[in-house]
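Here is a short briefing on one chain. Read it with the structure open beside the text.

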Amino acid sequence: MTVPPTPHRRSSRVTRRALFGTAGAVAAGAALTPAVIAATGGSGDGSGQGSDGGSGDAAPAGTMPRSFPRTRSAAATGEEAVRTDFPIGFVGVAWAGARSAAGGGIRLTGTGEGEDAGDAGTDWQPLSGGGCSDSNGGRLLVAARQASGYELRAPDGATSLISVALDTSRGPRREIPVPKDPTRVRGVEYLSRAAWGADESLRFLPDGTENTPTEFYPFQTLTVHHTVTPNDDPDPAATVRGIYEFHAITNDWGDIGYHFLIDEAGRIYEGRYSGEGGLPAHDEDGNMVTAFHVGGFNSGNLGIALLGDLTEQGPTEAARAALTQLVRAVFRLHGRDPLADVTYVNPVNGTEVEVAEISGHRDWLETDCPGEVMYAELAALREAVAAGG
């Protein structure tokens with residue numbers, strides 16, 4: 001495995017402590033059992049060595065070693081049945097050529113359900129449920145109930161279909177250093193990438209170069225998403241790791257698509273890598289790193305994803321409070337009006353869009369995201385952010 005280069009950045013003029021605080025590695029029951037992704041077939045070599053700190057050396061000052069399982073993965077193309085030698089936590093599915101998921105479906109096998117004890121499985125379920133789509137296809141992360149295999153049906157009109165089986169919680173374990181103590185500043189606390197188990201090698205190509213190098217632009221607007229993963233999630237950190245691997249490797253984005261994610265307990269997770277200095281999602285000058293959450297409109301657009309499916313239910317009170325606090329901190333940092341409508345101008349190609357300062361994914365693209373109920377709450381979110389003490 002090529003070891004990712006160590007970033008070299010000048011001393012931070014704006015530190016992470018200045019607004020959000022340092023990352024916490026706080027265990028809160030089973031939901032925060034830490035784990036790390038290392039995609040099989042190219043992202044890890046099983047040595048436990050590399051920039052994630054798993055070389056066996058003493059943990060850096062201010063950190064402590066934590067045990068993380070490697071992710072096991074198996075990629076496939078087309079509709080041929082897939083079997084794995086590990087229990088599948090999620091199946092990531094992506095396709096091109098058809099924006100709608102109509103006609104598409106998935107059937108899990110080896111689940112212990114059904115009449116055939118030898119190869120029990122679920123009924124066919126549609127590839128839908130409020131997931132994200134783009135101008136030429138769609139993407140979905142499906143909970144797999146620890147199945148041992150699956151079958152797929154491509155959506156009507158899809159020209160290609162790819163999938164990946166993921167186990168983000170039961171693989172061989174290794175250690176990486178995480179911060180010892182959480183810090184609360186201005187009411188906002190977050191889990192760093194290390195604290196939720198991000199394997200930084202996923203951001204790099206085999207030759208050691210970064211798949212998608214960071215680019216920074218001034219903040220313009222903020223977009224809310226939901227992940228369409230299960231509600232009442234018993235291990236949200238494992239879900240974040242699944243999203244990371246799906247985005248970074250299967251979608252070939254080189255990293256997780258969101259700047260922040262929030263689970264049902266109100267824990268905030270640092271998303272897209274932005275360097276070693278500056279605030280999360282920002283560089284030392286206060287510019288924002290470009291992520292991958294709204295195709296064609298990403299630069300200057302901060303993306304926050306709520307874990308779960310908010311199509312028929314709203315976020316928990318804890319998630320709603322965390323979202324409000326985080327958005328308020330971001331808007332105070334950048335001196336923006338959360339009640340305003342703005343003209344977003346893509347700094348890369350000049351494309352303009354009229355949009356609310358706080359919008360939903362569906363305001364940009366044809367998608368159900370962030371879910372019918374959550375989308376209806378955006379007006380209240382804007383008011384709550386503006387009214388904050």
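H225 lies in strand β12, which spans residues 221-226. This is a predicted model. H225 has 0% relative accessibility, so the residue counts as buried, the limit being under 20%.

**Around H225**
- The H225 side chain makes a polar contact with the side chain of H293, at 2.9 Å.
- Leaving aside residues up to four places away in sequence, H225 touches Y258, H293, V294, G303, I304, A305, L306, H361, C369 and P370.
- Two of these neighbours, C369 and P370, are joined by a cis peptide bond, with omega near 10 degrees.
- P370 sits in the loop that runs between β19 (358-360) and α4 (372-376).

**Helices α3 and α5**
- Helix α3 covers residues 317-334 and helix α5 covers residues 378-387.
- Their axes come within 9 Å and cross at roughly 60 degrees.
- The crossing of α3 past α5 is right-handed.
- On the α3 side, the contact is made by L323, T324, V327 and R328.
- On the α5 side, L381, A384 and V385 make the contact.
- By class, the α3 contact with α5 has 5 nonpolar residues, 1 polar and 1 charged.

**E383 in α5**
- E383 is placed in helix α5.
- E383 has 49% relative accessibility and therefore counts as partly exposed.

**Backbone points to check**
- Most residues other than glycine have a negative phi, and most peptide bonds are trans.
- R145 is not a glycine, yet has a positive phi of about 60 degrees.
- R145 belongs to strand β7, residues 137-153.
- With a relative accessible area of 49%, R145 is partly exposed.
- D252, also a residue other than glycine, has a positive phi near 60 degrees.
- D252 is in the loop between α2 (236-250) and β13 (260-262).
- The C369 to P370 peptide bond, as noted, is cis.

**The chain overall**
- The protein chain has 5 helices and 19 strands.
- Of its 389 residues, 54% count as buried.
- Among contacts between residues at least 6 apart in sequence, 78% join residues at least 24 apart.

Terms used:
Residues are numbered from 1 along each chain as its sequence is written. This is a predicted model: local features need pLDDT of at least 70, side-chain atom pairs count only at pLDDT 80 or more; totals for chains, interfaces and linings use all residues. Side-chain values use heavy atoms; hydrogens and water are left out. Helices (H or I, at least four residues) and strands (E, at least two) are DSSP runs, numbered from the N terminus. Buried means under 20% relative accessible area, exposed over 50%, partly exposed in between (1.4 Å probe, protein chains only). A polar contact is a pair of N or O atoms within 3.5 Å; within protein, one must be able to donate a hydrogen and the other to accept it, and residues adjacent in sequence count only if both atoms are side-chain atoms. Contact means heavy atoms within 4.5 Å. Axes are lines fitted to C-alpha atoms, for helices over the stretch in contact, and angles run from 0 to 180 degrees between N-to-C directions. A crossing is left-handed if the near helix is turned anticlockwise from the far one by less than a right angle, and right-handed if clockwise. Ala, Val, Leu, Ile, Met, Phe, Trp, Tyr, Cys and Pro count as nonpolar, Asp, Glu, Lys and Arg as charged, and the others, Gly among them, as polar.
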